[in-house]
Amino acid sequence: MNRTLGLILIVVGIAMLIWTGFTYTKKEKLVDAGPIQISADREKSVNWPPYAGGIILIAGVIVFVASKNRK
């Protein structure tokens, strides 16, 4: 179980180092006056610092190596 968790953390950490965020489009209502509705597509972004991926990667390596040494 710990080996699987370690591998997942390693993969997530590498992905977070490669992609430091993502963007998505959200539809927002601007005006809602009876039969008249005006909406706009707003682009939102989610970013995280690169060191967060590094920390997760290192934690995954530690968990993976610790689980390998127990057997």
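Biologist: What share of the 71 residues in the protein is made up of buried residues?

Modeller: Buried means under 20% relative accessible area, exposed over 50%, and partly exposed in between, with a 1.4 Å probe and protein chains only. In this predicted model, buried residues make up 14% of the 71 residues. This is a predicted model in which local features need pLDDT of at least 70 and side-chain atom pairs count only at pLDDT 80 or more, while totals for chains, interfaces and linings use all residues. Residues are numbered from 1 along each chain as its sequence is written, and side-chain values use heavy atoms, leaving out hydrogens and water.

Biologist: Which pattern does the protein follow along the sequence?

Modeller: Helices (H or I, at least four residues) and strands (E, at least two) are DSSP runs, numbered from the N terminus. Here the pattern is α-β-β-α, with two helices and two strands. The radius of gyration is 21 Å, well over the 11 Å that the globule rule gives for 71 residues, so the protein is more spread out than a compact globule. That radius is taken over C-alpha atoms, and the globule rule is 2.2 Å times the number of residues to the power 0.38. Along the principal axes, the C-alpha atoms fill a box of roughly 70 × 25 × 10 Å.

Biologist: How many salt bridges does a search of the whole structure find?

Modeller: Side chains of opposite charge can pair when their charged atoms come close. A salt bridge is a side-chain nitrogen of Lys or Arg within 4 Å of a carboxyl oxygen of Asp or Glu. The search finds four. One of them joins Asp41 and Lys27, with the closest N and O atoms 3.8 Å apart. Asp41 lies in strand S2 and Lys27 in strand S1, so this pair ties together parts that are 14 residues apart in sequence. Both Asp41 and Lys27 are exposed. Arg42 and Glu28 also meet in a salt bridge, at 3.6 Å from N to O. This pair too links strand S2, which holds Arg42, with strand S1, which holds Glu28. Arg42 is partly exposed at 37% relative accessible area, and Glu28 is partly exposed at 23%.

Biologist: Which other residues form a salt bridge?

Modeller: Asp32 forms one with Lys29, the closest N and O atoms being 3.6 Å apart. Asp32 is partly exposed at 48% relative accessibility, whereas Lys29 is exposed at 54%. Salt bridges that share partners join Glu28, Arg42 and Lys44 into one network.
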